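Please open the structure beside this note. Read each point with the model in view.

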Amino acid sequence: MQANPIKNIVIVGGGTAGWMTAAALVNKLPAAHYTITLIESDAIGTVGVGESTLPHISQFNVSLGINERDFIRATKATIKLGIQFKDWANLGDSYMHPFSETGHVTQGIDFHHYWLKSQTMGDTTILDEYSVAAMAAEAKRFAPPNKNRASMLSAYTYSYHIDATAYAKFLRDYSEKKGVKRVEGKITTVNQHSHNGFIKSVTLANGEQVSADLFVDCSGFASLIIDKSLQVPFTDWSHWLPTDSAVVVQSERDIALNPYTIATARSAGWQWQIPIQHRMGNGHVYASQYMNDQAALDILMTTLPGKATTEPRTLRFKAGCREKTWHKNCVAIGLSSGFLEPLESTSIFLIQMGITKLIEFFPDQHFHQAGIKQYNQTMQSFYNKIRNFIILHYHVTQRNDSDFWRYCREMSIPDDLQYLMTLFKEGGRVDRSQFGVWSAVCIGQGLRPQHYDARIDNLPYEKIKLYMENYRQQVQKAVKTLPTIDEYLKQQIQCTAV
Amino acid sequence: MTDKATNNQAIHHVVIVGGDTIGWTAAMGLARGLQGQRVNIILINEGDNQQCNLEPELIHTSNHVLDFHQSMGVNEPYLFAHGHGQYTCARQYQHWITEQADFFIGNDSFLSTFNGFGIHHLASLCQHKNVSDYSFAAQIAKQHKSIPPVNERPKQLGPFNTGMIINSQGYKGFIRGAALHLGVKVINSSIEVVALDNDTGFVKQLTLTNGQQLPVDLLIDNSGSHSKIMQASLAVDYKELRDDIPFNTLFSITLPSNTEKFINKHYTTITANKEGWLEHSILQGTSYYTQLCQNVGDEEHTLIDNFLTEIGADKSAGKQINKYPLRFGHSERFFHNNCIVIGHAAGYVGSPSISNLVLAQRAISRLLDLFPTKACFSSTAAEYNRLTNNDYGEANDMFMLYLYLAATNEPNSIPKWAKAKEELSANLQQKIALFEHTGRYEDQLNAMINSPTWINLLNYCCRKTKCYDPLLAALDEQQMQLHLTQLKGDISTQVEKLPTIS
């Protein structure tokens, strides 16, 4: 047998990151060999990240054996088919970043090239009209994707809007049933081994010491271990992502249920509306350098889709991530590892990736550097790709109505983002390994390629026109066959779980 | 006409220089991919005697050759009926490991798993370093059995892909026929003058020795390792790996297969020897041998004698030996201005796991994916270069892993390879370090080489350590042992049922 297996794991902090980590580890690591302890304090609130999620969350739930209907009921979830961006390119503009590709690759050429060509010929259709997810979202209709790949209704995926606090509670129940030990208490001291600086134990306010071989820092912005003890530097990206505050409030949902998140650009940031079954989650992300708290609050409160049901709460943050999210015997997961604002709903996704990769590169007590290095490289790559994608939304805009937008338009951007933007701008090409549907967001933001794929000029335009029109009609026809989102959810909530 | 309109003009004139297998592969691939696009594709065949078109008589490929043909609309039965090739399902390695006579690596798509762990983890824990015992493909090869059709391969034993060994001349004829059928025009001549545009530096016209002048929108340079266009005309450097890789020559010979010594087989044998390595395949009754070595000239006759001795041939066969100079390395850029290099002009980092044909097929698919306009935007070229560079980096790492394997196991008998241990790229060092104690490999492997190839070779490189996932500690070792025994038995039973190769 391996000489030195890890036996004790301590997760510092509950909340979404802590309980997702606990659930995944207890599911993977047999209780006979591993002791998993989660320390949290009821006195310390959680941020409750990630009410809007990405489709990957389904894989996480499936890996835990969680039934979708149980999940939907427990987290008051609704369905999400994408994000609608309003007023981002220009005031009055709107586009969808859908959970589907737009159109089909035909003759080896991506669909958006055909659309770009047709636009030059006077076509006025919008790109969203060729996306099943975007059109279903607009029509407020949904059914799970058809498994028959030939079907028009197979070409999309979906995610959820959830009550993140309820999700953490749901996973806490799951974890505790499977043997995770929850310790109530506030950590006062983190103790390190003198010879190598590894974390030895944590001391709680009641004097209790909890030791472990591996510590997972899910302490949120406090970053108790990765920052305060191990002092892993934080790479600051606030010059690229200058929003640093958010005011959040819950409200009644007096409008029809939308199967998508709404992200509306404001003069110094943007505002979200996330519908869950019984209420609406609302927030206004802003740059305090360009807008004061009261003004941000006023904008939020005067644009709520229903009566506020909680007191507004203000959060502060700084965009960036740790130089290493795994250092010595501590892995930081969640907000302790870094922060990227929720514009593309990536918080839970980053938690999930942190957990998945931790399991993939799970250490023994030797903590071999190669595995740690691989983990850090992989997580850094996720952070960089998402960072670039979010910056893209701010930087590619024609808005000129505030100092904030002027700054975003004119700021310097990361070299790798510049590379990707030039690739798209010159010839409409995308790097498929990137995060998100670049063509939809670039075009939605107003970044039109200077040139579409010139091979299209070798095809008769009438043929292209006919092909596109047929495709558009097939999308419309397919969407009409779906039940409404209300009908679908009602059925899911009422059915008894199998 | 505006600048914008000019930039976005579609390419109409594609000229391919070099009519070897790779040149015709490019011609066929582009003709198929651009079908209906009114693109005029001309291949300049500089003749079989030109150094640039030298290629060994046999090409070994992975499953990519099948995928490439599939994407070109050529299905497997048609390819095998007309492509002058034969399925392979494994490679046999001789004399690479001190205390082990030989081992096989199957063409598995991925290794079978137990509770989510690759079988090599279990094998390592149970001290069975020979992972090929758990590879259906390797056992078929080892037992000289026929490869079952795709739909008759038991899925629970792990999926495997077939590669091909191809007679290069026969295959070239096949692919040439397809290209001509798709409208490619061939000109048997040589390039006399390469005319560049004064403003852009693009190749705008080629003048041939027969006096013909060809307009060029896009040029595919397959003119050999000292390429006439990319290197000579466009002054793009070729990054040689002479200091890292101690080989510069391939000797080859074909002989009637001696059935007393060799039975027919579905694998290539790669034998490490003091010169380099010897490869042997049998295709349709003929044995194909190649010997990789370092030939500095003054001892060429000794190298040839050793080669003949190694294969058991009479010295009189020496006259039949062909000699191919190799220039290990690759072009600094693969797409520059309106010129793209493929084949030996792009580089050579071939190993038993990856051939230049596969690298070229991937390059053609990539070119179609990023097909440029007449302006050949620098961003498109940069993306093409980035992706192609990844392929060559991966192929180079694979080559260096062979040297590392030999150097790790035979440090005294092959001293010149020992240097390889100090010349590994950062990526390869990380691959080895990651595998060494945990049996893991990075999650984003380049799809060009199947993960089982990396796993098997790394496994033998790191055979003195326990390469298994620490999480295995939580599983029952007896159960794992039982699973391995059962899997081995199941594979053996299934293999026994297969007919022996006729």
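This is a predicted model: local features need pLDDT of at least 70, side-chain atom pairs count only at pLDDT 80 or more; totals for chains, interfaces and linings use all residues.

1. **Chain B, elements and overall form.** Chain B holds 16 helices and 24 strands. Its radius of gyration is 23 Å, close to the 23 Å that the globule rule gives for 502 residues, so chain B is as compact as a globular protein of that length. Along the principal axes, its C-alpha atoms fill a box of roughly 75 × 55 × 45 Å.

2. Of the 502 residues in chain B, 62% are buried. Its accessible surface is about 19,500 Å². Carbon and sulfur atoms own 47% of that area. Now take the contacts between residues at least 6 apart in sequence: in chain B, 76% of them join residues at least 24 apart.

3. **Chain B, charges.** Count the charged side chains. Chain B has 38 positive and 48 negative ones. The centres of these two sets lie 3 Å apart.

4. **Chain A, elements and overall form.** Chain A has 14 helices and 21 strands. The C-alpha box, taken along the principal axes, is roughly 75 × 55 × 50 Å for chain A.

5. Buried residues account for 60% of the 498 in chain A. The accessible surface of chain A is about 19,500 Å², with 49% belonging to carbon and sulfur atoms. Among contacts between residues at least 6 apart in sequence, 77% link residues at least 24 apart in chain A. There are 49 positive and 46 negative side chains in chain A, and the centres of the two sets are 5 Å apart.

6. **A covered helix.** Go to helix H11 of chain B, residues 356-369. It has 14 residues and spans 20 Å from its first C-alpha to its last, close to the 20 Å expected at 1.5 Å a residue. How many of the 14 residues of H11(B) are buried? Twelve are, and H11(B) is mostly covered. Among them are B:Asn356, B:Leu357, B:Gln361, B:Arg362, B:Arg366 and B:Leu368. Charged names are on that list too, including B:Arg362 and B:Arg366.

7. **A loop residue, B:Ile245.** Find B:Ile245 in the loop between strand E15 (238-240) and strand E16 (249-256) of chain B. Is B:Ile245 buried or exposed? It is buried, because its relative accessibility is 2% and the cut-off for buried is under 20%. Leaving out residues up to four places away in sequence, B:Ile245 touches B:Phe328, B:Asn396, B:Phe399 and B:Met400. B:Glu442 is 197 residues along the chain from B:Ile245, and their C-alpha atoms are separated by 25 Å.

8. **Two backbone angles to check.** Most residues other than glycine have a negative phi. B:Asn115 has a positive phi, near 50°. It sits in the loop between strand E7 (113-114) and strand E8 (117-118) of chain B. B:Asn115 is partly exposed, with a relative accessible area of 49%. B:Gln127 also has a positive phi, of about 60°, and is not a glycine. Its loop runs between helix H5 (119-125) and helix H6 (136-142) of chain B. B:Gln127 counts as exposed, at 62% relative accessibility.

Definitions and conventions: Residues are numbered from 1 along each chain as its sequence is written. Chains are lettered from A and ligands numbered from 1 in the order in which they are written. Side-chain values use heavy atoms; hydrogens and water are left out. Helices (H or I, at least four residues) and strands (E, at least two) are DSSP runs, numbered from the N terminus. The radius of gyration is taken over C-alpha atoms; the globule rule is 2.2 Å times the number of residues to the power 0.38. Buried means under 20% relative accessible area, exposed over 50%, partly exposed in between (1.4 Å probe, protein chains only). Contact means heavy atoms within 4.5 Å. Accessible areas come from the Shrake-Rupley method with a 1.4 Å probe; for residues, only the protein chains shown count as cover. The place of a charge is taken as NZ of Lys, CZ of Arg, CG of Asp or CD of Glu. The expected span of a helix is 1.5 Å times one less than its number of residues.
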